[in-house]
Every structure is written in structure tokens, then in C-alpha cells.
Amino acid sequence: MRPPTRHAPTPLLIPACIGLLIVAVPIIGLLQRAPWSSLVVQLTNPAVVDAIGVSLIVSIVSATLCLLLGLPLAWALARIELRGGRLIRAAVMLPMVLPPVVGGTALLFALGRRGLVGQWLDRWFGITLPFTTAGAILAATFVALPFFVTTVEAALRQNGTDLEEAAAVSGARPLVAFLTVTVPASRESIVAGLALAWARALGEFGATVTFAGNLAGRTRTLPLQTFLALESDPEAALAISVLLLTISLGVLVALRGRWLVR
Amino acid sequence: MTIIISGRIRRGDLDLQLDLELPPGLTAIVGPNGAGKTTILRLIAGLEALDEGTLTINERVFDGPSTGVFVPAEERQLAMVFQDHRLLPHLNALDNVAYPRRRRGEDRSTARDHAAAALHSVGADALAALRPHSLSGGQSQRVAIARAVAADPTVLLLDEPLASVDPEGRPLLRKLFRSSPAIYTVWVTHDSHDADLADCLVSVSAGEIRQTEQT
């Protein structure tokens, strides 16, 4: 807010407005061109329904994996003092800044049929990840996990160990203290991290298409379907974009409002 | 039957050389801020470990760095009232007080019955259903005291437990500490009235620690 007795300098306001326009104009353009009258028809088209199904499975399973693996990881990063702690933290955050296509390439060469780990998965268990729904889930988890971990780790650090000490003198073993005190006391951040991770998984494109390909009904998620439709059926691409935009806005409103975060 | 702390702990600027033998009953620890009173409680609680020496309670070694013995806090059967209360934010007052009994495996309704009795003993019956964020400082301190008392500890550790309680409420709680069924009650206080109630007085200042028996 502008202090009432001081003027905002014009040299700051002009670039600020341009910045705002860069974000706002594409959204307005999308909404202006959206096929509102045929939205329902577009979104119930069998190809789109398939993609919605794949996207729901991939994003929900991925968010669940973020919770089950990311919560202990966030706890370990916040509580365990390690010499290489900063390096480990940087590695966990890397997918946030890494181009997703690089992530997908890395996954392919690590977990592909001939990859470092993939060849053993294939030989011993007959598991092949590339070009499967499981592969799409893995790609989404790779990019979404850091969003969950950084959100929850920050909360655990901020909450400190005071309550865990209170639990310990009350007779709670460390695991019990984690489950009965640490987790419930940080639940708002856990839910916020989960929403961010889910939204990121839902929007994942680059790593998915590189590692899991673009197979209808198996790995073709909504972003992939949008990209595909752009060539042949722009109306469909616009309709799916409106759907994804609505979901993203919903997550944002829920995070900024008091639904998810105190 | 004693708590013996004989050893040394260094934490940042603090360097405490301890040679204490606390008898059963009420011990008061007095001294200026930052002298290490809370650190003594945290050592007994198992939230800090000695750098050298040993800590024994009733002849059992709880902390002995030279022999590698360290009994973690959750196995020491004690209770502590923290200076900053540390109630669990997601539980109401009743379930906060029931928490230590639940951790010992008591079923929910029995633990709640004991918790209700403990809340009554500190004059906080009316607070049972409230969450910590809606309690005043004095109310939350009473609930923290109830939680420690309800745990039926062998050692009751009190870190300035009356600091935010209003003056009218203090006599009841002093009486409660004085008559506590815990074998050892160790009470950090700034108030000389509190110290007068103690069987044993420990004064900590500038790294020097003196212990006197009182009659």
C-alpha cells in the first residue's frame, strides 16, 4: 500500500504495470477466446475424458507419494545435522530449477531399460517404467516432491523442537512424538505443501513426455492432450486450458485464503 | 535416595561445573537469569547431556558420558513444566493434560478422568474444552502444571511455574507443589517466598553453585 503522504515514483510504477500486464494479458486472452458455449461438449470428448482420468491418477498418486516420502524427508532435513546437509538440500530442490526435459532425460537414462537402475528392475523384477503410467507418476513425483519438501521443512524448522521436547518428557518415543505432535502441529503446512505438489504434478509436461511418452489412456495427461490438440483442434486445447487454469486458481485461492493455511 | 549430579556441561557461553546431591522432597533453584538454572532442569529431564561426569537418580545412572550411558527423556518417568508452557496446539486443555498418561498406554477415558482431576486441582476445570490459542498466559501455565501433575512423575521439574499466574492463584499452586506425591520436586524460581518452602536450596550464580539444606 502506498503511504498517503508520499507519491510512488513513476520510474517504478511503469515497469511494475508492464510486469503485471505480462502475467495478465495471456490469461485474459485465453478467457476471451475460450469456447464457453461448447465447453462441456469439448471436455466430455472421449480423448479428453481419457486424459482427465490419466491426469487424476497420476497427480493423486504422485501427491500421495510426496506425502509418504516427502514428510520423512522434510523431517530429516529439518532435524538431522549432517556435514553435507546443504548439498543434500540443494539436490532435493534441484528439480524446481532444472528444465523438466532434463529431468525426463535423466530419468530415462537412470530408469530406462538400459539405465543404471532400470536394467536391474527389468532383469530381476520384469518392471519397465518408461512409457507406462507408473513412469508418468514417477516423472510427476520427481518435479513435485521439492515443492512439498521445502514447504514442510520450513514449517518444521520454524516450529522448532520445543513441542517434541514436551512430548519426550511426557513419555513419547521419537516416532510417537513425530506422529502425535510434530505432524498435527504442522498440519497446515503439510496440506499447503500437498496442494502445491498436486498442482505441480497435474501441470507436469516436459519430464513426462520425455520419460513416459505420449500414449493415449496411459501417459497422455491433460497438458499433453492440450499440446496435441493445439495442432488439430484449437477449441479443445482452449477448453482444457480453461479447466487447468480454473484448477490452478482454485489451489491458489485456497492457499491464500484461510481454507488451507491458517 | 538422592539425585546426584556431578559433572560439567558447556553450552555456548555457559560453563557449569556441578556437584549437587538433591534429597527427596522439594528443592528450590534460585539465581540470576542466564546462570544455568534451566540447564540443570534440562539435564535431569534428559533434554541435555553432560559433557563429563554422571547423573544418578536413586543410585541408577541416567547420564554417564564416560560409560556411554544415556537414558532418553521419555524413559525417565518425569514431568516438566516449561517456562514457555509448551501445550500441544492441536489438543484441547483436557487432552493436553491426558497426553502423558496416554503415552504410558492408559486408555482414553481413564486418562481423561485423571486429567479432569488434575485440572480441578489447579483450579482450571472451566478450561477443559479450550484449545491453547484461546488461553491467557496464566491459564495456559495452569494447564501445563496440571499436565505435569497428572503424569504422576517420580521427578517433577518446574521452571518458574508461577511466573504468569496471578498473585491470588499462587498459594493454591504452592501448596500443590509442596504436597506433590513426586519423590523429587525441583523448582526454579525467582521468588524468595517459594524458596522458603523448600527442603533444599540451590543457588546458582556466575558459574558458582551452592547448596544448602533448610529446616
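1. Two residues are in contact here if their C-beta atoms, placed from the backbone, lie within 7 Å. By that rule, and leaving aside residues up to four places away in sequence, V97(B) touches A115(B), A118(B), L119(B), V143(B), A146(B), R147(B) and A150(B). The structure is a predicted model.

2. Confidence in chain A: the mean pLDDT is 92, and 97% of the residues score at least 70. Among the elements of chain A, helix α8 (residues 162-169) of chain A has the highest mean pLDDT, 97, while helix α6 (residues 118-125) of chain A has the lowest, 87.

3. Overall form of chain B: six helices and 11 strands make up its secondary structure. The C-alpha trace of chain B spans about 45 × 35 × 35 Å along its principal axes. The radius of gyration of chain B is 17 Å, which agrees with a compact globule, because a globule of 215 residues would have a value near 17 Å. Of the 215 residues of chain B, 45% count as buried. Among contacts in chain B with a separation of 6 or more, 65% are between residues 24 or more positions apart.

4. Domains of chain B: domain 1 covers 1-77 + 175-215 and domain 2 covers 80-152. The centres of domain 1 of chain B and domain 2 of chain B, taken over C-alpha atoms, are separated by 24 Å. Four residues from domain 1 of chain B and five residues from domain 2 of chain B take part in the contact. On the domain 1 side, helix α1 (residues 37-45) of chain B gives the largest share, three residues. By class, that side of domain 1 of chain B has three nonpolar residues, one polar and no charged.

5. Contact between the chains: 14 residues of chain A are in contact with 17 residues of chain B. On the chain B side, β7 (78-81) and α2 (93-103) of chain B are the elements that give two or more residues. The side of chain B that touches chain A divides into 12 nonpolar, four charged and one polar residues.

6. Nonpolar cores: the largest has 77 residues, of which M80(B), V97(B), L119(B), A146(B), L157(B) and V186(B) touch the most other members. Helix α4 (residues 137-150) of chain B supplies the largest share of this core, seven residues. Domain 1 (1-77 + 175-215) and domain 2 (80-152) of chain B each give this core at least three residues. Apart from it lies another core, of 47 residues, including L111(A), A144(A), V152(A) and A201(A).

Definitions and conventions
Residues numbered from 1 in each chain as written. Chains lettered and ligands numbered in written order. Predicted model: local features only at pLDDT ≥ 70, side-chain atom pairs only at ≥ 80, totals over all residues. Domains from an automatic or database assignment. Helix = DSSP H or I, 4+ residues; strand = E, 2+ residues; numbered from the N terminus. Nonpolar A, V, L, I, M, F, W, Y, C, P; charged D, E, K, R; others polar. pLDDT = per-residue confidence, 0-100. Core = buried A, V, L, I, M, F, W, Y, C linked by C-beta atoms within 7 Å. Buried ≥ 20, exposed ≤ 12 C-beta atoms within 10 Å, placed from the backbone. Rg over C-alpha atoms; globule rule 2.2 N^0.38 Å.
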